Amino acid sequence: MNTMGRCERCGKQSQMLTGSWFNTQLICAGSEDSCIERERSRLDFKRAREAEEAACAQGNYNYPGIEADYRRWVNE
Ligand SMILES: [Zn+2]
């Protein structure tokens, strides 16, 4: 969690950044149309979260996420 900076996904300045569930980007949070809300509304959000939690449970804190190749987000 960061306090102020640029979202690594959409490039907007944001008051709040948080780690993506799908990859290692720091993305914007705190508003209806923020990137984290868009992740939460995805059908595979549950799968991404469970994969992340399973990796952490095994001690793998560097888990890159189910979409480590985040370039597909950029052209969404
Ligand atoms: Zn964003």
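Start with the secondary structure: the protein has three helices and four strands, where helices (H or I, at least four residues) and strands (E, at least two) are DSSP runs, numbered from the N terminus. Along the sequence the pattern is β-β-β-β-α-α-α. This is a predicted model, in which local features need pLDDT of at least 70, side-chain atom pairs count only at pLDDT 80 or more, and totals for chains, interfaces and linings use all residues. Residues are numbered from 1 along each chain as its sequence is written.

Of its 76 residues, 21% count as buried. A residue is buried if 20 or more other C-beta atoms lie within 10 Å of its own, exposed if 12 or fewer, and partly exposed in between, with C-beta atoms placed from the backbone. For contacts, the criterion is that the C-beta atoms of two residues, placed from the backbone, lie within 7 Å. Among contacts in the protein with a separation of 6 or more, 32% come from residues 24 or more positions apart.

Now select Cys 7, Leu 17, Ile 27, Cys 28, Ala 29, Cys 35 and Ile 36. These seven residues form the largest nonpolar core, a nonpolar core being a set of buried Ala, Val, Leu, Ile, Met, Phe, Trp, Tyr and Cys residues joined through C-beta atoms within 7 Å. Strand 4 and helix 1 each contribute at least two residues to this core. In soluble globular proteins, nonpolar side chains tend to be buried together.

Not counting residues up to four places away in sequence, Ala 29 touches Met 16, Leu 17, Thr 18, Ser 34 and Ile 36.

From there, move to Ser 34, in the loop between strand 4 (26-28) and helix 1 (35-40). Ser 34 counts as buried because 21 other C-beta atoms lie within 10 Å. Leaving aside neighbours within four places in sequence, Ser 34 is in contact with Cys 28 and Ala 29.

Finally, select helix 2 (residues 45-57). Its expected span, 1.5 Å times one less than its number of residues, is 18 Å for 13 residues, and the end C-alpha atoms are 18 Å apart, which agrees. Within helix 2, pick Lys 46. Lys 46 counts as exposed because it has 11 C-beta neighbours inside 10 Å. Trp 21 is 25 residues from Lys 46 along the chain, with 9.5 Å between their C-alpha atoms. Just after helix 2, stop at Gly 59, which takes a positive phi of about 85°.
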